[in-house]
Amino acid sequence: MTPNVVIYTDGACRGNPGPGGWGAVLIFGDREKDLWGGELATTNNRMELTAAIEALNALNRPCKVELHTDSQYVRRGISEWLSIWKGRGWRTMTKGAVKNEDLWRRLDEARLRHEVDWRWVKGHSGHALNDRADALARLGMLEMLGEA
């Protein structure tokens, strides 16, 4: 039987670029796990991608995943742009390099191990689990800065 997992992810950045953090809430039945981390020099989009990558990679076996993100960049990238970029040899429509290609490749690899249903949730709208992922992302950033 394939386990069902619900994930909420978020990224945060102080300045863009600047120090940033990522956070994820994983829910499997009645068990929950919080994940977070950060980088000293990054962007908000990189932290959004990292949150999804780290959450999917934290799963020990293939799962049915309902992954919630408040990032249109992640949602549209994974559902609309990724196949186009791959088909063009990781080039955009204007033949430029895909920004954050390293992380898009990692996310593509991570998602293929699972059956992922990508969902968008409006950020900073009072959704408890999205707010928790946001708080974890800020914690990751603050720990990286030594301010937590």
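Proline 17 sits in the loop between β1 (4-13) and β2. Strands (E, at least two residues) and helices (H or I, at least four) are DSSP runs, numbered from the N terminus. The peptide bond that leads from asparagine 16 to proline 17 is cis, with omega near 20°. Tryptophan 90 is not a glycine, yet has a positive phi of about 60°. Most peptide bonds are trans, and most residues other than glycine have a negative phi.

This is a predicted model, in which local features need pLDDT of at least 70 and side-chain atom pairs count only at pLDDT 80 or more, while totals for chains, interfaces and linings use all residues. Residues are numbered from 1 along each chain as its sequence is written, and side-chain values use heavy atoms, with hydrogens and water left out.

Two packed helices are described by the angle between their axes and the distance between the axes. Axes are lines fitted to C-alpha atoms, for helices over the stretch in contact, and angles run from 0 to 180 degrees between N-to-C directions. Helix α1 (residues 44-57) packs on helix α3 (residues 101-112) at an angle of about 25°, with the axes 9 Å apart. The two helices, α1 and α3, are therefore roughly parallel to each other; angles under 35 degrees count as roughly parallel, over 145 as roughly antiparallel, 65 to 115 as roughly perpendicular and the rest as oblique. Residues of α1 that meet α3 include Leu49, Ile53 and Leu56, and those of α3 include Leu103, Trp104 and Leu107. Contact means heavy atoms within 4.5 Å.

Helix α2 (residues 72-87) also packs with α3, at an angle of about 95° and with the axes 11 Å apart. That makes α2 roughly perpendicular to α3. Among the residues of α2 in this contact are Tyr73, Leu82 and Trp85, and Trp104, Leu107, Asp108 and Arg111 meet them from α3.

Where does the largest pocket have its lining? A pocket is, on a 1 Å grid over the protein atoms alone, an open set of points where a 1.4 Å probe fits, with protein on both sides within 12 Å along at least five of seven lines; lining residues have an atom within 4 Å of a point. The largest pocket holds about 330 Å³ of space, a volume being the space filled by probe spheres set on points joined across faces, edges and corners. Of its 13 lining residues, Val5, Phe28, Arg31, Leu59 and Asn60 are the closest to the centre. The elements that give two or more residues to this lining are β2 (18-28) and β3 (31-42).
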